[in-house]
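Here is a note for a colleague opening this structure for the first time. Please read it with the model on screen.

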Amino acid sequence: MTDKTVLNEAHRALGARMVDFGGWDMPLNYGSQIEEHHAVRRDAGMFDVSHMTVVDLKGERVREFLRHLLANNVDKLKKPGKALYTCMLNERGGVIDDLIVYFLAEDFFRVVVNAATREKDLKWITEQAKAFEVTVSERPEFAMIAVQGPTAREKALSVMDAATAEAAAALGKFAAAQGADLFVARTGYTGEDGFEIIVPAEQAAALWQKLLDAGVAPCGLGARDTLRLEAGMNLYGQDMDGDVTPWEANLGWTIAMDEGRDFIGRAALEKQKADGVPRRMVGVVMDDKGVLRHGQTVTTANGEGEILSGAFSPTLGKAIGFARIPAGEPGDVRVQIRNREFALRIVKYPFVRDGEPQPGI
Amino acid sequence: MSEIPGDLKFLKSHEWARVEDDGLVRVGISEHAQGLLGDLVYVELPEVGAHIDAGDGCAVVESVKAASDVYSPVSGEVVAVNETLNDAPETINEDAFGEGWIFQVKIDNKAELDDMLDPAAYAQMLEDEAH
């Protein structure tokens, strides 16, 4: 059984090529993935991300609960509306999921988790919440549209009611505001400015149409993947999973090792740090022609690794990716593609930021 | 669906072959195949002068989505490859049956072409797949 978002008919009417993604019938592209990618880098594009899961957490002790549940510290969230990117770990320090948590009130936080991990996330969060008397409610009555690109905010604001637009226009990065109907967050997964808009399902098709009329290009999951990779953002299931710690997925920056906070997975992370983290994730560029793909073998001075996310970068015109390799100085790094070997360059990422290739890429 | 030229023969795996006046056979992938693959970003061409057998994977087309082998419909010597594709792989997206050809073979045995699908049979196969 395949799930459909409320925008399914809108995608089909636009001639989308549809694909199964984690049990959801989603648009891969509406013609050309590369043109959609460029639309987001140069102007504005939108994505139906209604398959993602909105979960509301309520209770007197919800902040205390999230201090325990999440590897990043929700105490960084001081003003209502502020958002935080974090991992949720298992006891082994492996990543159950990565998510965004919004602070809405002292007794009300909202999290948005991945579609493919929905069931295990809900089960895990509900289990952990019991001891804190926090209620966990999924909100399937919402759809979600991400509007991204240098002109995305301006175009999205033009289709909102005056009060919502005023609140949304005032948002700083990584903050959200609740309008009359829309929940608008200045977040995204493309490396461009823009909004992620949570909208009541019955209003989603009308909002989508207004955005189309305002000149926002519909973009599929294909472009979403190349945009987020260029922006240096991890994809759950490809770059990390339950057997990978944040240290091994270059997500150390999201772990808050504050004094005395006993979050799930902390003991395992501390032990791994003390013993030495065995693997690391790096950004790679291939200057030869060809395409990096998930699962390709990488060789280094310290042994083998593999390509995690890999793709052709439309902005750079060559292949980029993430690789997980053994710790230590890697020496010459090479990738095997169909019985041939090609040199890789290890680079600091993001590969692209605000529409521009980064120095050294 | 765009018109399938009547002078082509097809493999079930979506390669086409066209016998040309000089007896050489030109090979590419179908309009349908390029649509399935999406924007092409890299084509690995065979070596000119190489001998290939029918059914060999002798080229690779890579799109933003996936890498896909191109199987030769015929046996023979590769006499030319479409160098345009090195810098403009999207030529296949734009004109799969024409400018987007991939390689040209001097054929060993013309009878191999008889095993291929004619345009009507190929169109029927696509139709059946869609349902």
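The points below take the chain contact, then the domain contact.

1. **Basis.** This is a predicted model: local features need pLDDT of at least 70, side-chain atom pairs count only at pLDDT 80 or more, and totals for chains, interfaces and linings use all residues. Residues are numbered from 1 along each chain as its sequence is written, chains are lettered from A and ligands numbered from 1 in the order in which they are written, and side-chain values use heavy atoms, with hydrogens and water left out.

2. **Extent of the chain contact.** Chain A brings 13 residues to the contact and chain B brings 15 residues. Contact here means heavy atoms within 4.5 Å. The two chains bury about 1300 Å² between them, with 46% of it on carbon and sulfur atoms. Buried area is the accessible area (1.4 Å probe) that two parts lose on being put together, summed over both. Lys289(A), Arg293(A) and Arg338(A) supply 43% of the area that chain A buries against chain B, more than any other three residues.

3. The rule asks for a side-chain nitrogen of Lys or Arg within 4 Å of a carboxyl oxygen of Asp or Glu. Arg338(A) makes a salt bridge to Glu44(B), at 2.8 Å from N to O. By class, the side of chain A that touches chain B has four nonpolar, three polar and six charged residues. Ala, Val, Leu, Ile, Met, Phe, Trp, Tyr, Cys and Pro count as nonpolar, Asp, Glu, Lys and Arg as charged, and the others, Gly among them, as polar.

4. **Domains of chain A.** The assignment gives domain 1 (1-275) and domain 2 (278-357). Such bounds come from an automatic or database domain assignment. The domain centres, taken over C-alpha atoms, are 26 Å apart.

5. **Extent of the domain contact.** In chain A, 25 residues of domain 1 touch 24 residues of domain 2. The area buried between these domains is about 1900 Å², and carbon and sulfur atoms give 55% of it. On the domain 1 side, Leu229(A), Glu230(A) and Glu248(A) lose the most area to domain 2, together 35% of what that side buries.

6. **Salt bridge between the domains.** How many salt bridges are there between domain 1 and domain 2 of chain A? The count is one. Arg279(A) forms a salt bridge with Glu248(A), with the closest N and O atoms 3.2 Å apart. The side of domain 1 that touches domain 2 has nine nonpolar, nine polar and seven charged residues.
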